[in-house]
Amino acid sequence: NCMDAISFVFGVKTTQLRGAQLLDLVYKKAQERDAPGSRVASVELIYVDKNEKEISFKRTIQAKTSNYFFNNKNVKYEAYNSQLEKIGVLVRARNFLVFQGDVEAVAQKSPKELAELFELICGSANLKKEYEEKKAKEDEAQQSYYLSIERKRNIEKEKKQAKEQKNEADKYKDLIDELKGIRIEYYLWQLYHVSNDLDSRKSELTTVRSELSEKKGELREAEKTVKAKNEETAKQKREIMGLEKKISQKTKVLDKKRPEHSSIKTKLHHLESTIEKTRTNLKKNKTEADKHN
């Protein structure tokens with residue numbers, strides 16, 4: 001009865017006590033009939049803290065209703081249980097009494113179940129939800145931290161790349177500026193030489209023009225000479241034609257006289273032969289005459 005009374009005032013459920021409903025916990029005689037609100041029971045526990053201050057916990061039953069009182073003030077069960085937890089009484093863990101079979105039940109628990117029981121007894125089980133929420137926040141913060149670290153690394157990497165790109169861009173700009181300077185210097189050099197070459201070409205052009213003028217003069221003279229030569233040639237051609245005509249006429253006359261000339265030539269040849277023989281005979285006769293003398 002004492003264990004039931006202590007359990008009852010601490011708010012243990014009726015099913016865990018000796019009864020199926022609240023009214024079963026109130027004593028009544030066998031012949032007694034229930035009247036509405038007639039069966040009333042209460043248990044009050046006085047707790048003295050380390051400062052010797054008395055704290056009152058009270059639970060009542062009336063008309064199938066259970067009420068809780070803390071220091072004689074009607075409160076809800078949640079507030080009532082909260083005050084019990086402050087003095088170390090954990091109703092769910094039932095750490096205030098050792099019930100029948102509790103030792104054997106504890107001995108049969110697995111390590112995980114024992115850990116859960118210890119957490120329940122020490123009160124850390126009530127912080128499980130808060131722990132899980134904070135653990136989730138911690139995991140989220142950790143994840144956020146890792147993401148921040150990764151983001152920082154990426155930013156550093158991007159910063160390094162940007163710096164390298166900037167250096168490359170500056171180097172490229174310097175090279176472009178240098179190239180522009182070289183091109184300007186090259187163009188100026190070309191312009192200088194083109195100018196000099198232009199002056200030289202102008203001088204050569206003047207010389208060539210002078211020579212061309214001279215050559216034109218020579219060409220005119222040559223053309224005059226050629227014209228004169230052509231006229232002379234034409235005159236000579238006319239003379240040649242005249243001579244050829246005369247030759248042709250002479251040839252015709254000669255052809256007519258050729259038979260007569262041939263006969264004369266034969267006679268002349270015969271006379272020459274006769275003369276030669278006569279000379280030979282004369283020389284021979286003279287030689288013989290000389291021998292006789």
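Q: Which residues of helix 1 are buried in this predicted model, and what makes a residue count as buried?
A: In this predicted model, helix 1 spans residues 2-9, and its buried residues are Asp4, Ser7, Phe8 and Val9. Buried means a relative accessible area under 20%, so these four residues fall below that limit.

Q: What do the buried residues of helix 1 pack against?
A: They pack against strand 1 (40-48), strand 2 (54-62) and helix 2 (77-86).

Q: Which residue with a positive phi follows helix 1?
A: Gly11 follows helix 1, and its phi is positive, near 95 degrees.

Q: How many aromatic pairs does a search of the whole structure find?
A: The search finds seven aromatic pairs.

Q: Why is the pair of Phe57 and Phe70 called tilted?
A: The ring centres of Phe57 and Phe70 are 5.4 Å apart, and a pair requires centres within 6.5 Å. Their planes meet at 55 degrees. Stacked would need under 30 degrees and edge-to-face over 60, so the pair is tilted.

Q: What makes the pair of Phe57 and Phe70 a link between distant parts of the chain?
A: Phe57 lies in strand 2 and Phe70 in strand 3 (residues 65-70), with the two 13 residues apart. Both Phe57 and Phe70 are buried.

Q: How do you know whether the rings of Tyr145 and Tyr146 are stacked, tilted or edge-to-face?
A: The centres of the Tyr145 and Tyr146 rings are 5.8 Å apart and the planes are at 55 degrees.

Q: Are Tyr145 and Tyr146 buried, partly exposed or exposed, and what makes them so?
A: Tyr145 has a relative accessible area of 47%, and Tyr146 has a relative accessibility of 47%.

Q: Which residues form one aromatic cluster with Phe57 and Phe70?
A: Tyr68, Tyr77 and Tyr80 form one aromatic cluster with Phe57 and Phe70.

Q: How many salt bridges are counted?
A: The count comes to seven salt bridges.

Q: Why is the contact of Asp139 and Lys135 called a salt bridge?
A: The N to O distance between the two side chains is 2.9 Å. The cut-off is 4 Å, so Asp139 and Lys135 form a salt bridge. Side chains of opposite charge can pair when their charged atoms come close.

Q: What separates Asp139 and Lys135 along helix 5?
A: They are four residues apart in helix 5 (residues 128-292), so about one helical turn separates them. Asp139, with a relative accessible area of 39%, is partly exposed, and Lys135, at 30% relative accessibility, is partly exposed too.

Q: What makes Lys166 exposed but Asp170 partly exposed?
A: Lys166 has a relative accessible area of 52%, and exposed means over 50%. Asp170 is at 32%, between the limits of 20% and 50%, so Asp170 counts as partly exposed. Lys166 and Asp170 form a salt bridge, with their closest N and O atoms 3.0 Å apart.

Q: How do you know that Asp197 and Arg201 form a salt bridge?
A: Their closest N and O atoms are 3.4 Å apart, which is within 4 Å. Asp197 and Arg201 are four residues apart in helix 5, separated by about one helical turn. Salt bridges that share partners join Asp197, Arg201 and Glu204 into one network.

Terms used:
Residues are numbered from 1 along each chain as its sequence is written. This is a predicted model: local features need pLDDT of at least 70, side-chain atom pairs count only at pLDDT 80 or more; totals for chains, interfaces and linings use all residues. Side-chain values use heavy atoms; hydrogens and water are left out. Buried means under 20% relative accessible area, exposed over 50%, partly exposed in between (1.4 Å probe, protein chains only). Contact means heavy atoms within 4.5 Å. Rings of Phe, Tyr and Trp (its six-membered ring) pair if their centres lie within 6.5 Å; planes under 30 degrees apart count as stacked, over 60 as edge-to-face and the rest as tilted.
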